[in-house]
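The sequence and the structure are shown first.

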Amino acid sequence: MANIAATLRAIYHLLGLETHLAHLLPLAVSNNFVNIAAPSGGMGGMALFITDGRRRGLSPARVTIAGGLYVLSEYFSVLCAVAAGLVVASGGNLAVRLP
């Protein structure tokens, strides 16, 4: 979970939202639980971040963008893992042979 919190902290920092890793760690754990309990494409836990951002005086729009970027980074990492698995499964021979 610390890697998720660190990724979120990097995205927050990129968008100019200052926060600490210790603050994001419980949010990351809660986000993971909500996304498992109520599957919604990874977006269910974003309400936690938006609510926390409002409570701390952060821009809800920037927090929403940070959540969207995090979900996109998760999808991209899964895509890379699946692509690598397909290369390994094909034996490294990805050439298509037409009859």
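## Basis of the description

Is A22 buried or exposed? A22 counts as exposed, because its relative accessibility is 65% and the class begins over 50%, with buried meaning under 20% and partly exposed lying in between (1.4 Å probe, protein chains only).

The model is predicted: local features need pLDDT of at least 70 and side-chain atom pairs count only at pLDDT 80 or more, while totals for chains, interfaces and linings use all residues. Residues are numbered from 1 along each chain as its sequence is written, and side-chain values use heavy atoms, with hydrogens and water left out.

Helices are DSSP runs (H or I, at least four residues), numbered from the N terminus. Two packed helices are described by the angle between their axes and the distance between the axes. Here axes are lines fitted to C-alpha atoms over the stretch in contact, and angles run from 0 to 180 degrees between N-to-C directions. For α1 and α2, the axes come within 8 Å and cross at roughly 120°. The two helices are therefore oblique to each other; angles under 35 degrees count as roughly parallel, over 145 as roughly antiparallel, 65 to 115 as roughly perpendicular and the rest as oblique.

The crossing of α1 and α2 is right-handed, a term used if the near helix is turned clockwise from the far one by less than a right angle. From α1 the contact draws on A2, I4, A5, A6, L8, R9 and Y12, and from α2 on L21, L24, L25 and A28. Contact means heavy atoms within 4.5 Å.

## Packing of α3 and α4

Between α3 and α4, the axes approach within 9 Å and cross at roughly 150°. This pair is therefore roughly antiparallel, and α3 passes α4 in a right-handed crossing. On the α3 side M46, F49, I50, G53 and R54 make the contact, and on the α4 side P60, V63, T64, G67 and G68.

## Nonpolar core

In soluble globular proteins, nonpolar side chains tend to be buried together. A nonpolar core is a set of buried Ala, Val, Leu, Ile, Met, Phe, Trp, Tyr and Cys residues joined through side-chain atoms within 4.5 Å. The largest such core holds 16 residues, of which L8, Y12, L24, F49 and V63 touch the most other members. At least two residues come from each of α1 (2-14), α2, α3 and α4 (60-89), and α1 gives the most, with five.

V63 takes part in the α3 and α4 contact as well as in the core. Apart from residues up to four places away in sequence, V63 touches Y12, L17, F49, I50, G53 and L58.

## Residues of α2

Helix α2 spans residues 21-37 and includes A22. S30 and L72 are 42 residues apart in sequence and 19 Å apart in space, C-alpha to C-alpha.

N35 is another residue of α2, and N35 is buried, with a relative accessible area of 19%. Neighbours within four places aside, N35 is in contact with G42, M43, G44 and G45. From N35 to M46, 11 residues along in sequence, the C-alpha separation is 9.1 Å.

A47 is located in α3 (residues 46-55) and is partly exposed, with a relative accessible area of 45%. The C-alpha atoms of A47 and V34 are separated by 9.7 Å, the two residues being 13 apart along the chain.

The model has one salt bridge, defined as a side-chain nitrogen of Lys or Arg within 4 Å of a carboxyl oxygen of Asp or Glu. R56 and D52 form the bridge through their side chains (3.1 Å, N to O). R56 is partly exposed, at a relative accessible area of 32%, whereas D52 counts as buried at 7% relative accessibility.
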